Amino acid sequence: MYPIIGKTDTDLLPKQEAAVQTAIKQHVLASEHGLRQNVRATIAGKIFGYDLTTEPLRGAAGAVVGITSTTLDVAGHQRGGECL
């Protein structure tokens, strides 16, 4: 297990992978619609495959006040004939 609490994408990931994560989050904030995508992440030199779901977080009045993201480790699972 890798300690990730309190760290940002740029703290944890190589620059290009962090940029992908940032772009996904910015898209969700701008569009106010959720997005689900398969992403790869290199953490401590190991490559992981994730199913990333990012959703807008709405306040009591319905306005977007942030985002939430969940990840499912899909490393080793097959999709379309290739390992994620």
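Helix α2 (residues 15–31) lies across β1, β2 and β3 and runs at about 155 degrees to β1. The angle here is taken between N-to-C directions, from 0 to 180 degrees, with axes fitted as lines to C-alpha atoms, for helices over the stretch in contact. Contact simply means heavy atoms within 4.5 Å. Helices (H or I, at least four residues) and strands (E, at least two) are DSSP runs, numbered from the N terminus. This is a predicted model, so to speak of local features takes a pLDDT of at least 70, side-chain atom pairs count only at pLDDT 80 or more, and totals for chains, interfaces and linings use all residues. Residues are numbered from 1 along each chain as its sequence is written, and side-chain values use heavy atoms, with hydrogens and water left out.

Taken as a whole, the protein has two helices and five strands, and from the N terminus on, the elements go α-α-β-β-β-β-β. Three of the strands make an open sheet in the order β1-β2-β3, with antiparallel pairing. Its edge strands are β1 (35–43) and β3 (64–73), each of which pairs on one side only. From one strand to the next, the twist averages 35 degrees. Two strands count as paired if DSSP finds at least two bridges between them. Strands of a sheet pair through backbone hydrogen bonds, either parallel or antiparallel.

How do the individual pairs look? Antiparallel strands β1 and β2 are joined by nine bridges. Along this pair, Gln37 stands opposite Leu52 in β2, and Ala41 has Phe48 of β2 as its bridge partner. The two strands form a hairpin with two residues between them, and Ala44 in the turn has a positive phi of about 50 degrees. On to the next pair: strand β2 (residues 46–58) is joined to β3 by nine bridges, again running antiparallel. Here Thr53 faces Thr70 in β3, while Thr54 stands opposite Ser69 in β3. The β2 and β3 hairpin has five residues between the strands, and Gly62 takes a positive phi near 95 degrees.

Leu72 also belongs to strand β3. Setting aside neighbours within four places in sequence, Leu72 is in contact with Gly49, Tyr50 and Asp51. The C-alpha atoms of Leu72 and Gly49 are separated by 8.4 Å, although these residues sit 23 residues apart along the chain.

Next comes the inside of the protein. The largest nonpolar core has nine residues: Leu13, Ala18, Ile24, Val39, Ala41, Ile43, Phe48, Tyr50 and Leu52. The elements that give two or more residues to this core are α2, β1 and β2. A nonpolar core is a set of buried Ala, Val, Leu, Ile, Met, Phe, Trp, Tyr and Cys residues joined through side-chain atoms within 4.5 Å. Buried means under 20% relative accessible area, exposed means over 50%, and partly exposed is in between (1.4 Å probe, protein chains only). Across the protein, buried residues make up 24% of the 84 residues. Among contacts between residues at least 6 apart in sequence, 33% join residues at least 24 apart.

Glu32 is found in the loop between α2 and β1, and its phi is near 60 degrees, a positive value in a residue other than glycine. Most residues other than glycine have a negative phi. Glu32 is partly exposed, with a relative accessible area of 38%.

Finally, how confident is the prediction? The protein averages a pLDDT of 84, and 86% of the residues score at least 70; pLDDT is the predictor's confidence in each residue, from 0 to 100. Confidence is highest in α2, at 93, and lowest in strand β5 (residues 82–83), at a mean of 45. Over residues 80–84 the pLDDT is below 50, and beyond near neighbours in sequence this stretch has 14 contacts in the model.
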